[in-house]
Amino acid sequence: MKKILITGCLGQIGSELTMRLREIYGTNNVIATDIRRVEDNEVIESGPFELLDVTDHKAMLELAKKYEVDTLIHLAALLSAVAEQKPKLAWDLNMGGLVNALEVARELNLKFFTPSSIGSFGPGTPAKNTPQDTLQRPTTMYGVTKVAGELLCDYYFEKFGVDARGVRFPGLISYKTLPGGGTTDYAVEIYYEALKNKKYSSFIDKGTHMDMMYMPDAIEAIIKLMEADLPKLKHHNAFNITAMSFDPEEIADSIKKYIPEFKMDYNVDPARQKIADSWPDSLDCSAAEEEWDFSPKYNLDRMTKDMLINLSEKLELPLPNTLK
Ligand code: AKB
């Protein structure tokens with residue numbers, strides 16, 4: 001990767017990935033795009049930024065040509081809970097945006113990355129130690145677009161030789177940018193509420209295990225996969241990756257180690273619970289480990305400590321005594 005165009009760069013992944021890529025590859029070699037512009041934003045202010053609606057193929061092609069990029073990282077998409085509320089929009093944006101991005105990659109011979117998700121699995125998938133290659137019959141529109149997206153990437157690789165790579169992300173936890181409308185978002189909200197109010201009402205029920213990962217590991221995974229030697233990749237695209245699997249009780253217990261007075265109860269949201277129930281509990285990432293040396297650094301307690309330290313600074317709230 002030398003010159004990179006990113007779509008959806010103001011989202012949860014994009015905002016951190018853009019800054020990290022600018023550190024590694026140089027500010028002017030990372031062109032950030034999003035459908036909106038916001039005030040006081042480090043991604044917009046720190047380097048090249050362009051407005052881009054990913055459903056506009058011509059506009060995407062023009063930008064890729066204008067900046068002479070060699071890599072396209074396509075992140076713009078609706079997440080699971082919002083996609084369930086607006087299924088037609090999710091189809092149009094997630095699939096329309098992806099096919100446009102793959103077309104641009106084909107036309108200009110670009111290296112390509114797009115994320116899939118644990119949402120690409122469904123209730124018929126083995127829930128524990130979910131294999132890399134297994135049954136995928138998701139029951140959400142988000143999942144339908146993710147499986148179709150994985151297949152589309154495979155198709156562009158086989159048919160046109162587009163070097164399309166990707167991972168199946170679990171829930172991503174970060175203190176910098178909030179996720180927008182996912183099922184795993186409770187695992188981010190809980191840290192904000194723990195610091196602000198010492199309590200949290202979880203919209204996901206007790207005993208619901210989902211895979212998760214701290215954002216620094218997710219960012220390093222993207223870069224490592226993109227820099228991996230092509231002949232070593234047997235799967236190429238849609239690699240299972242995860243760093244931990246927990247249910248609400250376990251993340252609450254981890255927070256209590258640092259904020260002993262923290263209390264959690266439940267106010268389950270049936271729509272998001274239904275999505276969570278259709279997803280695996282824990283993925284097998286051996287293909288990613290073997291093919292490109294995937295190795296996350298953060299487990300639950302390390303992540304909790306880092307989240308609480310950084311969030312208390314961001315929210316200008318006192319650091320918990322246990323962390324002083
Ligand atoms: C979501 O909850 O929709 C995402 C995901 C796991 O893909 N965080």
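Both faces of strand β1 are covered: Ile4 and Ile6 point to one side, Leu5 and Thr7 to the other, and all of them are buried. Here "buried" means under 20% relative accessible area, "exposed" means over 50%, and "partly exposed" is in between, using a 1.4 Å probe and protein chains only. Strands are DSSP runs of E with at least two residues, helices are runs of H or I with at least four residues, and both are numbered from the N terminus.

A quick word on what you're looking at: this is a predicted model, in which local features need pLDDT of at least 70 and side-chain atom pairs count only at pLDDT 80 or more, while totals for chains, interfaces and linings use all residues. Residues are numbered from 1 along each chain as its sequence is written, and side-chain values use heavy atoms, with hydrogens and water left out.

**Around β1**

So who are the partners of β1? Two strands pair if DSSP finds at least two bridges between them. β1 pairs with β2 in the parallel sense over 3 bridges, and Ile4 stands opposite Val30 in β2. β1 (residues 4-7) also pairs with β4 (residues 71-74), again in the parallel sense, this time over 4 bridges. Ile6 has Ile73 of β4 as its bridge partner.

Zoom out and you get an open sheet of 6 strands with parallel pairing, in the order β3-β2-β1-β4-β5-β7. Its edge strands are β3 (49-51) and β7 (164-165), and each of these pairs on one side only. Helix α5 (residues 87-108) packs on this sheet and touches β4, β5 (111-113) and β7; the directions of α5 and β4 make an angle of about 175°. Helix α8 (residues 215-227) lies across β4, β5 and β7 too, running at about 150° to β5. Those angles run from 0 to 180 degrees between N-to-C directions, with axes as lines fitted to C-alpha atoms, for helices over the stretch in contact. Contact, by the way, means heavy atoms within 4.5 Å.

Is Ile31 buried or exposed? Ile31 is buried, with a relative accessible area of 0%. You'll find Ile31 in strand β2 (residues 30-34). Leaving out residues up to four places away in sequence, Ile31 touches Lys3, Ile4, Leu5, Ile6, Pro48, Glu50, Tyr67 and Val69. Ile31 and Val43 are 12 residues apart in sequence, and their C-alpha atoms are 9.7 Å apart in space.

**Other strands**

There's also an open sheet of 3 strands, ordered β6-β8-β12 with parallel pairing. β6 (116-117) and β12 (239-240) stand at the edges with a single partner strand each, so one side of each has no neighbour in the sheet. β6 runs parallel to β8 (residues 167-169), joined by 2 bridges, and Ser117 stands opposite Phe169 in β8.

Elsewhere, β10 (residues 199-202) has a covered face with Tyr200 and Ser202, and an uncovered one with Lys199 and Ser201. β10 runs parallel to β14 (residues 263-266), with 4 bridges between them. Opposite Ser201 stands Asp265 in β14.

**Rings**

A pair of aromatic rings is described by the distance of the centres and the angle of the planes. How many aromatic pairs does the structure hold? There are 7. Rings of Phe, Tyr and Trp (its six-membered ring) pair if their centres lie within 6.5 Å; planes under 30 degrees apart count as stacked, over 60 as edge-to-face and the rest as tilted. Here are two of the pairs:

| Pair | Centres apart | Angle of planes | Kind |
|---|---|---|---|
| Tyr155 and Phe160 | 6.1 Å | 85° | edge-to-face |
| Trp292 and Phe294 | 5.7 Å | 55° | tilted |

Tyr155 is partly exposed at 43% relative accessibility, and Phe160 is partly exposed at 37%. By contrast, Trp292 is buried at 5%, and Phe294 is buried at 5%. Tyr155 and Phe160 also form one aromatic cluster with Tyr156.

Charges show up over rings as well, which requires NZ of Lys or CZ of Arg within 6 Å of the ring centre and within 35 degrees of the ring normal. The charged end of Arg106 sits over the ring of Phe160, 5.2 Å from its centre. Arg272 lies over the face of Phe203, 3.5 Å from the ring centre.
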